[in-house]
Amino acid sequence: MHSLRAEHKLITALHDVLRQEQELLVAADIESLDKLTPRKAELINEMALLANQRHRALGAAGCAPREAGMETWLDAHGTEDDRKLWNDVLGQTREAKELNRLNGMLINRQMSHTQGALQALRPQAQAGVYGPSGRTATNTVSRGFVAR
């Protein structure tokens, strides 16, 4: 349960970071996003370590070393408060996954806008542009044919 309490703190913190990330994405505040990204990665790594630790403890207790094993352990040893904590961790995890999915969509939209803006800045076809010889410059390469 100690590990689960620590996981709960981390998922709550990650949830907050994902909300901040979403606000920054909507505001297109790239500088602040760059500062937030390492914290997000740190929280995810810490959560993975704690989940692995919980899985090992569940396995040592004779339960399945995964989320289903936690249900078995709670049925045998947990209190109502333990179950509430577990359910809150699961609920916040689902919400964090959804926030992360939405943030990914915002990132893709932002990238699409950026690529469109870059494309608009690039010169279109070179037709009509004159080279040093005074002739129209083209980017095509002419290849001769060999006939036998």
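Is His15 buried or exposed? His15 is buried, with a relative accessible area of 5%, where buried means under 20%, exposed over 50% and partly exposed in between, using a 1.4 Å probe and protein chains only. Keep in mind that this is a predicted model, in which local features need pLDDT of at least 70 and side-chain atom pairs count only at pLDDT 80 or more, while totals for chains, interfaces and linings use all residues. Residues are numbered from 1 along each chain as its sequence is written, and side-chain values use heavy atoms, with hydrogens and water left out.

So where does His15 sit? Look in helix α1; helices here are DSSP runs of H or I with at least four residues, numbered from the N terminus. Leaving aside neighbours within four places in sequence, His15 is in contact (heavy atoms within 4.5 Å) with Gln92, Glu95, Ala96 and Leu99.

Now for the nonpolar cores, meaning sets of buried Ala, Val, Leu, Ile, Met, Phe, Trp, Tyr and Cys residues joined through side-chain atoms within 4.5 Å. The largest has 15 residues, and Leu10, Ile11, Leu14, Leu18, Leu43 and Met47 have the most contacts inside it. Helices α1 (2-27), α2 (30-60) and α4 (80-121) each supply at least two residues of this core, with the largest share, seven residues, coming from α1. A second, separate core has eight residues, including Leu4, Leu74, Leu85 and Trp86.

A pocket, on a 1 Å grid over the protein atoms alone, is an open set of points where a 1.4 Å probe fits, with protein on both sides within 12 Å along at least five of seven lines; lining residues have an atom within 4 Å of a point. The largest pocket holds about 400 Å³ of space, counted as the space filled by probe spheres set on the points, which are joined across faces, edges and corners. Its lining takes its largest share, eight residues, from α4.

The second largest pocket has a volume of about 180 Å³. Among the residues lining this pocket are Met1, His2, Gln53, Arg54 and Trp73. Here α1, α2 and α3 (67-77) give two or more residues to the lining, and α2 brings the largest share, four residues.
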